[in-house]
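Have a look at the structure first.

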Amino acid sequence: MIPAQFDLSTDLGVSGQFNHPDFLAAIAKVEAAANNAGIPLGNVGLAKPQADALFAKGYRIIAGFDILWLKAMAAETQSWTKQT
């Protein structure tokens, strides 16, 4: 399984910067170690292209949502019922 992205990025001093070179290098290191050890990788894929890219890197467990996405969708849905 891959480390929690926010936790890892925060530990690296680049909180929430998932395209930062330090974050990407750390993820690549974890991916290589897991693949070399035969440990299944898992992550979140919110769209098919994202899931396809993860599968290509050796990921085998793909979830269709994460808590932040779920929170955003709940807020959006709630906004549909607000009276103006």
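The buried residues of helix α2 are F23, A26, I27, E31 and A34; buried means under 20% relative accessible area, exposed over 50%, and partly exposed in between, with a 1.4 Å probe and protein chains only. Looking down the axis of α2, these buried residues fall within an arc of 135°, so they line one face of the helix. That arc is taken from the directions from the helix axis to the C-beta atoms. On the face turned away from the buried side, α2 carries the exposed residues P21, K29 and N36.

A word on ground rules: this is a predicted model, where local features need pLDDT of at least 70 and side-chain atom pairs count only at pLDDT 80 or more, while totals for chains, interfaces and linings use all residues. Residues are numbered from 1 along each chain as its sequence is written, and side-chain values use heavy atoms, with hydrogens and water left out. Helices (H or I, at least four residues) and strands (E, at least two) are DSSP runs, numbered from the N terminus.

What do the buried residues of α2 pack against? The partners are tabulated here, with contact meaning heavy atoms within 4.5 Å.

| Element packed against α2 | Residues |
|---|---|
| α1 | 5-11 |
| β1 | 41-44 |
| β2 | 59-63 |

Now for the core. The largest nonpolar core has 10 residues: I2, L8, V14, F23, A26, I27, A34, L41, L54 and Y59. Helix α2 (residues 21-37) gives the most to this core, with four residues. To count as such a core, buried Ala, Val, Leu, Ile, Met, Phe, Trp, Tyr and Cys residues must be joined through side-chain atoms within 4.5 Å. Take I27: leaving aside neighbours within four places in sequence, I27 is in contact with I2, L8 and Y59.

On to the strands. β1 is covered on both faces, with L41 and N43 buried on one side and G42 and V44 buried on the other. β1 pairs with β2 in the parallel sense over four bridges (DSSP has to find at least two bridges for a pair), and G42 stands opposite I61 in β2.

Finally, F6 sits in helix α1 and is partly exposed, at 41% relative accessible area. Not counting residues up to four places away in sequence, F6 touches G16, F18 and L68. The C-alpha atoms of F6 and Q17 are separated by 8.5 Å, with the two residues 11 apart along the chain.
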